[in-house]
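Please open the model in your viewer and keep the selection panel at hand.

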Amino acid sequence: MADLTMIAANLENIHARIAAAARAAGRDPADVTLIAVSKTHPRAAVLAALAAGQAVFGENKVQEAEEKFPIPGAKLHLIGALQTNKAAHAVRLADAIDSLDRERLSDAIAKAAAAAGRLPELLVQVNIGDEPQKAGVPLAAADGFIKASRARFGAALKGLMCIPPEGVDPLPYFKRLAAMADAHGLAVRSMGMSGDFEIAIAAGATHVRVGTAIFGARPVPPGVIPATHH
Ligand SMILES: *Cc1c(COP(=O)(O)O)cnc(C)c1O
């Protein structure tokens, strides 16, 4: 459950940790954007964070995001696997879609953007650990897909996103994503969550996606065995 009274203090704490990690890496803290991941938490939690100065939010389900957003002054990133039949809603609602990972989704986004007259910022999600169960473009296809996305969407393609494998040191995966973004001349690297955002900042993250450490633990759906955290 989101403890609304803790959100401002949690945000302050995360900002201090982001700044310390950036300085330790010889980076400017202002070059790291905090995406507050509000999935499963109520709109009231988003409003509490907004009142505390947090302007950028992440949601992983389009329908749930539509129940909370748009909120004036809040920027919304969709960070979850996106079905093509949700692309039109996503394009209308989101400021950024961070999970572009296949040609058919590109087709659906391009069509929806033409109809809506707006195109959100886009990140290509890379399956950086080549894990069969995970979303993201497979490593072998990543360079080609990034090039094709750049050709199709131009400057709207801002960068790359990844979720490294659980239970292992994420640093080599973060470094790999940063190198891939460099190779393609892309500025944005969205990587790092509550458990590993400082490591991601050391590897060059420009966006970190933090949920639990701001809003508290998410409810576990019945029947689901919680994943062990690294
Ligand atoms: C839920 C989620 C996060 C936030 O995870 P926490 O461990 O709660 O910080 C970050 N990125 C994505 C893609 C997510 O789905």
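Predicted model: local features only at pLDDT ≥ 70, side-chain atom pairs only at ≥ 80, totals over all residues.

Begin by selecting residues 10-219, which UniProt lists, in an unreviewed entry, as "domain: Alanine racemase N-terminal". Over this range the chain is 43% helix and 19% strand, and the C-alpha atoms at its ends lie 19 Å apart.

Next, turn to the largest nonpolar core, which has 63 residues. Select Ile109, Val124, Val126, Leu160, Met191, Val208 and Ile214, the members that touch the most others in this core. In soluble globular proteins, nonpolar side chains tend to be buried together.

Centre the view on Met191. Among the residues it touches are Cys162, Phe174, Leu177, Ala178, Ala200, His207 and Arg209, with residues up to four places away in sequence left out of the count. For a second, separate core of five residues, select Ile79, Leu123, Met161 and Val188, which are included in it.

Finally, select helix 6 (residues 139-153). Its 15 residues reach 21 Å from first C-alpha to last, close to the 21 Å expected at 1.5 Å a residue. Which residues of helix 6 are buried? They are Leu139, Ala142, Phe145, Ile146, Ser149 and Phe153. To see what covers them, display elements including strand 4 (96-100), helix 5 (103-116), strand 5 (121-127) and helix 7 (171-183).

Definitions and conventions: Residues numbered from 1 in each chain as written. Heavy atoms only, no water. Core = buried A, V, L, I, M, F, W, Y, C linked by side-chain atoms within 4.5 Å. Buried < 20%, exposed > 50% of the residue type's maximum accessible area, 1.4 Å probe, protein only. Contact = heavy atoms within 4.5 Å. Helix = DSSP H or I, 4+ residues; strand = E, 2+ residues; numbered from the N terminus. Expected span 1.5 Å × (residues − 1). UniProt positions renumbered as here; feature names shortened; annotations may be inferred.
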